[in-house]
Amino acid sequence: MALTSMVKDDVRFERVTGTIGAVVSGVALTGGDRPETAERLRRGLHEHGVLFFEFGQAVSAPDFAAFATLFGEPEQAYKFGAADGGGGAQFIDSDVTPMKDVRINHWHADGTALERPPRAAMLTPAELPEVGGDTMWASMYAAYEALSSHDQRLLDGLEVLHSTVRVPFLNQAQTAVHPAVIRDPVTGRKMLYVNANWSERVVGMGDHESEALLQRLFAHINTPEFHVRLRWRLGVVAVWEERVTQHRGVADFTGPRKLRRITFAGDRPAA
Ligand SMILES: [Fe+2]
């Protein structure tokens, strides 16, 4: 009988706030055919929004790409704000794209001006500043559920135009219309689906009415009870569901900050 190196995982989730995020233990840093682990991680991703893994030492580009296969098939098409990092990953490099210049330090989900935005993304650091440059995530389940029933009813029927109008530095015209509230296909929970980088206007509203509503929602998303904040260390991998969460960087550092990123192709967000 051939000896194969079977990896036996014992996947455990430990929540890190009352609304979002879990540290995952018991998962080995390898790819490979582990359908049971993959199934548990993908479900956990939809439940917790963002998952954190701690591998103790810097994760190489090939190891990162192999680990990514547990979450699905990585895509190469999504490139906003990133450079090619080799080995199937992209680089988010603060020297090339300073956070404030590309609004990485504003709450957003990635690429919602696309008809099919990425459904998930993952990061691991390659080089970090001595201090600062954290990443934050916000739960869009929590954001929706904390709205008044009046606001929920209003938003349940609305559609929002997403575009590159608020991110003109991309030099790229792109638009898509998505529901203001979508439903997670795995958990069945509703989520708020507008964000401060890509949501341009509410369909069918006048300019002032639309902008007032959107700005109120952007401010609502900036509520600490919906958030988790990660201080990066070499060896940490963060994986998030792009619809369940929004994310932002914290632009409080000097010096290089380089992160490897992999994204996963998504479908049209649906109510
Ligand atoms: Fe992003």
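Which residue in strand 16 is the bridge partner of Ser139? The partner is Thr245. The model is predicted: local features require pLDDT of at least 70 and side-chain atom pairs pLDDT 80 or more, while totals for chains, interfaces and linings use all residues. Residues are numbered from 1 along each chain as its sequence is written.

**Sheet.** Helices (H or I, at least four residues) and strands (E, at least two) are DSSP runs, numbered from the N terminus. Strands count as paired if DSSP finds at least two bridges between them. Strand 8 (residues 135-139) pairs with strand 16 in the antiparallel sense over five bridges. Both belong to an open, antiparallel sheet of three strands in the order 14-8-16. Strands 14 and 16 stand at the edges with a single partner strand each, so one side of each has no neighbour in the sheet.

| Edge strand | Residues |
|---|---|
| Strand 14 | 227-230 |
| Strand 16 | 245-249 |

**Helix 2.** In helix 2 (residues 61-68), the buried residues (20 or more other C-beta atoms within 10 Å of their own, C-beta atoms being placed from the backbone) are Phe64, Phe67 and Ala68. They lie on the same side of helix 2, because they cover an arc of only 105° around the axis, taken from the directions from the helix axis to the C-beta atoms.

**Whole chain.** The protein chain has five helices and 17 strands. Its C-alpha atoms fill a box of roughly 70 × 40 × 30 Å along the principal axes. Buried residues make up 39% of the 271 residues.

Methods:
Buried ≥ 20, exposed ≤ 12 C-beta atoms within 10 Å, placed from the backbone.
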